[in-house]
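Please consult the sequence and the structure alongside the text.

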Amino acid sequence: MSPTRYEGNTDEETPLFQNADVPQKPTRLPKAQIFILFSVWLAESTISHSISPYLNQLVKELPIVGGDDRKVGYYSGVIVASHFAAEAVTALHWNRLSDHIGRKPVLLSCFMGVIISIITFGLSRSLWALVLSRCLHGAMKGSTGVLKSMISELTDESNVARGFSVLPVAWSLGCMMGFVRYVAYCHFDSLTPWTLSPLIGGVLSRPQDRWPDLFSHPFWASYPYFLPCLAAAALSCLSFIIAALFLKETMNTPPMKLQFAKVTLNGSREGPNDTLDEEPSNPKKLLPLRSVLIRPVVISIANYAMLALVSMAATALIPLVWSTSVEFGGLDLRPVSIGLWMSSYGFFNGAFQFAFFPLMARRFGPQRVFVTSVAVCAIIYTMFPLENLAAGGGSKATVWLLMFLQLLSLSISETGFSSIFLFISSAAPSKRSLGTTMGLAQTVVSVQRAVGPVAADWLFAFSITNNVLGGNFVYVVLYVLVGVGLCVAAQLPRYAWRRNGG
């Protein structure tokens with residue numbers, strides 16, 4: 001399905017939906033193809049979140065820790081950061097390759113690498129083996145940008161918002177499974193079998209302790225966390241087979257030509273006929289990276305990076321602050337309570353993104369939705385000291401209300417990721433550079449995701465330990481980042497970068 005194109009004298013502020021050539025009703029999505037990509041993304045999410053329940057315990061059992069629990073956080077951080085570092089190094093190369101040989105072979109190759117990585121993780125019994133398996137996972141995460149490129153190519157301006165809205169649903173389901181595993185691992189004995197039955201991963205850690213008759217072989221004692229890894233890999237293999245058999249190559253469609261008004265140093269726009277080169281003279285030659293570094297791409301990726309930074313900081317702080325004692329600025333919640341709250345959030349967020357984001361994008365425009373998603377992060381940060389104040393006063397109902405409002409704000413902030421993909425996909429100079437554009441965005445955001453949570457956690461600890469601004473210094477820094485993000489978001493057009501062609 002080729003994208004709808006704009007004709008005539010338009011500029012980069014032209015709304016996607018006001019042109020007469022754009023259907024008044026959204027074009028029907030290719031549901032079968034979107035479902036296949038949904039299943040791949042769900043499997044990726046499941047693998048990504050499947051290690052969260054037992055990672056700290058696994059690290060604690062490593063000889064390198066030597067029984068010192070204070071080292072667990074450090075080594076866990078090394079394992080997590082290695083994934084994002086490898087992703088940052090390789091993502092661009094995988095996505096550029098997809099521009100050259102097609103999306104499907106790169107998607108399947110990366111997906112198989114991710115499956116292998118979770119198997120090797122379950123078989124790892126040393127720090128460096130764990131780090132290498134996570135590096136393999138990160139190195140094969142090029143499928144993330146490729147999958148988003150395929151959704152962009154399967155949709156047009158009338159239904160692209162609906163197409164991208166399925167991704168948060170899949171990711172939230174995988175996240176919910178991860179948090180329920182977290183609940184099950186921490187408080188398995190306190191939960192009923194019915195609670196865990198929909199999510200098989202919740203009971204699979206250390207099976208030799210739970211079902212000694214069934215898992216009596218010494219293998220399970222040597223590798224107590226292999227079974228949840230195997231379950232995640234089995235689900236992913238099913239998605240891999242479906243994709244290999246039925247997923248269609250999306251680069252078979254005619255090239256998408258884009259046009260942008262050039263902005264001179266004095267702010268004036270040069271005529272609408274000033275176009276970028278859509279295709280190179282040699283279609284088999286990879287486009288140079290500098291051909292992608294145009295103003296729409298740079299602005300879109302900068303906004304993606306800022307949203308990732310402020311959103312990931314909020315996501316990292318929520319379980320940390322909620323588990324911290326009231327005396328030190330937290331809520332002193334038990335792990336089971338945090339897990340149940342976050343698993344409920346995962347279900348709600350997936351439904352919210354799918355039901356409301358396309359309507360919000362069509363009614364208000366993706367730029368306004370994106371600005372709102374950045375601004376609402378300030379509300380998330382504000383809730384932390386208010387929750388602590390309410391917890392100190394003993395008002396449990398007020399704490400729960402504030403937690404609900406905080407998670408609702410977090411869900412609203414998540415709409416920004418779907419919004420920014422509309423800008424990134426429409427910013428690509430040509431269809432043959434779409435993968436490179438997505439890969440560049442993934443590379444930049446991988447760095448932010450590696451740094452953001454660690455920096456937020458460190459700032460929180462620094463603020464509390466040194467009592468800077470009453471322990472609230474971390475939130476002041478994050479408010480400043482939100483302000484910077486809003487300034488960057490102001491550079492986006494209201495709807496999307498104008499698509500034009502002849």
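Helices are DSSP runs of H or I with at least four residues, strands are runs of E with at least two, and both are numbered from the N terminus. V468 sits in the loop that joins α16 (434-466) to α17 (473-489). The model is predicted, so local features require pLDDT of at least 70 and side-chain atom pairs pLDDT 80 or more, whereas totals for chains, interfaces and linings use all residues. Residues are numbered from 1 along each chain as its sequence is written, and side-chain values use heavy atoms, with hydrogens and water left out.

Leaving aside residues up to four places away in sequence, V468 touches F462, S463 and F473 (contact: heavy atoms within 4.5 Å). V468 has a relative accessible area of 22% and is therefore partly exposed, the class between buried, under 20%, and exposed, over 50% (1.4 Å probe, protein chains only).

α16 also takes part in the largest cavity, giving the most to its lining with 6 residues. On a 1 Å grid over the protein atoms alone, a cavity is a set of points where a 1.4 Å probe fits but cannot get out; a pocket is an open set with protein on both sides within 12 Å along at least five of seven lines; lining residues have an atom within 4 Å of a point. The largest cavity has a volume of about 80 Å³, a volume being the space filled by probe spheres set on points joined across faces, edges and corners. Its lining includes E87, Y304 and R449.

The second largest pocket has a volume of about 280 Å³. Of its 15 lining residues, L331, L333, K396, V399 and W400 are closest to the centre.
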